[in-house]
Amino acid sequence: MFVNKWGTEGTGDGQFRYPRVAAVASDGSVYVGDNNHRIQKFTSEGVFVSQWGTEGSGNGEFSATWGVAVAPDGSVYVSDSGIHGNNRIQKFTSEGVFVFKWGSQGSGDGQFQSPWGVAVASAGSVYVADAGNKRIQKFSVGQ
């Protein structure tokens, strides 16, 4: 049964350009990644709260937000792939403050070729769907 909807096309707060991924935190907050190279945070009712990210390859910047997951502690993990070849996972606080990143282009352990999906287990392990390498990688994230 339909409950609610939000968003329109665009680049402003609460607007989307091809929304790709969404994740829900234990407090009901909703995180959405789209083709505007950012993550937006909403209440469970769809009220815009904040956004972070721009296009690029620096800390807190994205080439393409292909996956988003929220850890039990509220940390937000984003898989970042695309034309810049970022091929990495970035971790943020629930408020969008950059914490750290890992990964690079390649097929070795901890390297990625188009990381798309990301999930966080209740114990904190991070799982990444490494699409180009046709595998799942599991990480123990201590930071």
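The model is predicted, so local features need pLDDT of at least 70 and side-chain atom pairs count only at pLDDT 80 or more, while totals for chains, interfaces and linings use all residues. Residues are numbered from 1 along each chain as its sequence is written, and side-chain values use heavy atoms, with hydrogens and water left out.

Start with the open sheet. Its 4 strands follow the order E1-E2-E3-E4, with antiparallel pairing. Strand E1 (21-24) and strand E4 (48-52) stand at the edges with a single partner strand each, so one side of each has no neighbour in the sheet. From one strand to the next, the twist averages 20°. Strands here are DSSP runs (E, at least two residues), numbered from the N terminus. Two of them pair if DSSP finds at least two bridges between them. Angles run from 0 to 180 degrees between N-to-C directions, and axes are lines fitted to C-alpha atoms.

Now move to strand E7 (residues 88-92). On one side, strand E6 (residues 76-80) runs antiparallel to E7, joined by 5 bridges. Val78 has Gln90 in E7 as its bridge partner. Strand E8 (residues 98-102) also runs antiparallel to E7, with 4 bridges between them. Lys91 stands opposite Phe100 in E8. E7 and E8 form a hairpin with 5 residues between them. In its turn, Gly96 has a positive phi of about 95°.

How many residues of E7 are buried? The count is 5 of its 5 residues. Buried means under 20% relative accessible area, exposed means over 50%, and partly exposed lies in between (1.4 Å probe, protein chains only). Arg88, Gln90 and Phe92 point one way from E7, Ile89 and Lys91 the other way, and all are buried.

Ser75 belongs to the loop between strand E5 (65-70) and E6. Ser75 is buried, at a relative accessible area of 10%. Leaving aside neighbours within four places in sequence, Ser75 is in contact (heavy atoms within 4.5 Å) with Ala69, Val70, Lys91 and Phe92.

The aromatic rings come next. Across the whole structure, a search finds 12 aromatic pairs. Phe42 and Phe48 form an edge-to-face pair, 6.0 Å centre to centre with 75° between the planes. Rings of Phe, Tyr and Trp (its six-membered ring) pair if their centres lie within 6.5 Å; planes under 30 degrees apart count as stacked, over 60 as edge-to-face and the rest as tilted. Phe42 is buried, at 1% relative accessible area. Phe48 is partly exposed, at 26%.

Tyr77 and Trp102 have ring centres 6.2 Å apart and planes at 70°, so this pair is edge-to-face. Tyr77 lies in strand E6 and Trp102 in strand E8, so the pair ties together parts that are 25 residues apart in sequence. Tyr77 is buried, with a relative accessible area of 4%. Trp102 counts as buried at 14%.

Tyr31, Trp52, Phe62, Phe92 and Phe98 form one aromatic cluster. Arg20 places its charged end over the ring of Trp66, 4.2 Å from the ring centre. A charge sits over a ring if NZ of Lys or CZ of Arg is within 6 Å of the ring centre and within 35 degrees of the ring normal.

Finally, the cores. A nonpolar core is a set of buried Ala, Val, Leu, Ile, Met, Phe, Trp, Tyr and Cys residues joined through side-chain atoms within 4.5 Å. In soluble globular proteins, nonpolar side chains tend to be buried together. The largest nonpolar core has 13 residues, and Tyr77, Trp102, Val126, Val128, Phe139 and Val141 touch the most other members. E8, strand E9 (115-120) and strand E10 (126-130) are the elements that give two or more residues to this core. Not counting residues up to four places away in sequence, Val141 touches Tyr77, Phe100, Trp102 and Val126. Another core lies apart, with 12 residues, among them Ala23, Tyr31, Val76 and Phe92.
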